[in-house]
Number of protein chains: 2
Amino acid sequence: MEKTECHKKLMEVGTQLFSERGLKGVSIRELSLAAGTSISMISYHFGSKEGLYQAVLQQQFACFKEIHEIRERVTDPVEMVKSYLLWTFGRHRNNPYLLRFYTSELTNPTAFFEPLVMPVIDEVIVTMAGAIEEGIRQKKFREDVDPTNAALALAGMVNYFFLSSLATRNLISHSPEKDEMLVQQYLDIFTRGIGASSV
Amino acid sequence: MEKTECHKKLMEVGTQLFSERGLKGVSIRELSLAAGTSISMISYHFGSKEGLYQAVLQQQFACFKEIHEIRERVTDPVEMVKSYLLWTFGRHRNNPYLLRFYTSELTNPTAFFEPLVMPVIDEVIVTMAGAIEEGIRQKKFREDVDPTNAALALAGMVNYFFLSSLATRNLISHSPEKDEMLVQQYLDIFTRGIGASSV
DNA sequence: TGTATTCGAACGAACGTTCGATTCCTATCA
DNA sequence: TGATAGGAATCGAACGTTCGTTCGAATACA
């Protein structure tokens, strides 16, 4: 779908700079300089600066659709929690920008939050809440657990881990080879936390 | 410590507008209009727009010092987790702006992140990790739990809950009277999750 | 040859800051 | 007590800069 080298380069630098400093924090002169083009290319290819931001945002959030495929493939609730953790870890590991866009839009929403961001957050939480609800019906999770709150707690634990590691590198050693262990640890904490018995 | 009505009003509107849209997202004309003063008052009272932002940030983050008093007062590790949850819930309930500043600085750091924000995050996590470590020594928490990761998971669960409720009001019914129940629920999830036995 | 792409210059608007004039407050003195 | 001097506080206007966008010319491509 990428048309020209200029278009592609602007998407790249837009992704990097917007994720670090937000929509208002980056000027088109800075973007075009980093992309090695002229400032008029942004309006030409994307209509406006906000158009570039929107294009980047859409590209970043496309991966959230995967939750539905995972939900269809994985039937067991506990296994679904593990799949979510692995999926989320993978997402953040091979895309360091996604979490910044996600959290930045949550905290300081732009005009694109409601149409672009809100729906995907909603889908993920609702999907996971559904899986947890099913786990409760199967007596695998405790009855007194609120599915939506539990889904938020799960998402909170893992997203916040990466959020903190964005800034406080000294607190966390985040080597990819330790991911397997971390996923297992978070899975343990969570399933023990809401589980009727340990798994 | 507040000098004049103008100074006080600028702090108020600065807190509200900066928290919603960030440092770059608010202009001094917008600030002064909302405060009912002239634009020159910002430079007069705070030196610059960034000076106002810094003043607001310092005021917002002052409350994080309380974690030390709590740690001194509460000796039992499990009780410390509960105190942390109650403290955090209370903090977010009576100050809707704090979490936005906190998360915004984490995601899109300004020049004030390193000197002002980073230290307080560090202190809270280290303090809670210390409490959890003591819990492990007392055989109240499992041996294979990493204290820092567990502290991050705890902070993640509860902060993310409020972060989500900032934007997705439809997902969560956040009535203050339910806080007691929510705190207990998060405490259950967490202490069960890392605990050697349920409490 | 004609369409798509890129560039550099220029535009008006909005930005944060500065500055002289004015108002407000308070301590001081007749 | 009433007048007043002086400093603090506030205002409105203007400054120079940066912002995002536009546009005609130039280039590349098919």
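How many nonpolar, polar and charged residues does the surface near DNA strand C have?

Analyst: Happy to take you through it. This is a predicted model, in which local features need pLDDT of at least 70, side-chain atom pairs count only at pLDDT 80 or more, and totals for chains, interfaces and linings use all residues. Residues are numbered from 1 along each chain as its sequence is written, chains are lettered from A and ligands numbered from 1 in the order written, and side-chain values use heavy atoms, without hydrogens and water.

To your question: the surface near DNA strand C has seven nonpolar, nine polar and three charged residues. Here, near means that a heavy atom of the residue lies within 4 Å of the strand. Ala, Val, Leu, Ile, Met, Phe, Trp, Tyr, Cys and Pro count as nonpolar, Asp, Glu, Lys and Arg as charged, and the others, Gly among them, as polar.

Of the DNA strand C atoms within 4 Å of the protein, 43% belong to sugar or phosphate and the rest to bases.

H45(A) places a polar side-chain atom 2.6 Å from one, and Y44(A) has a polar side-chain atom at 3.1 Å. For S38(A), a polar backbone atom is 3.0 Å from a phosphate oxygen.

Helix 3 (40-46) of chain A and helices 2 (28-35) and 3 (40-46) of chain B each give two or more residues to this surface. Helices here are DSSP runs of H or I with at least four residues, numbered from the N terminus. Helix 3 of chain A provides the largest share, four residues.

Conventions: Polar contact = N/O pair within 3.5 Å; in protein donor to acceptor, adjacent residues only side chain to side chain.
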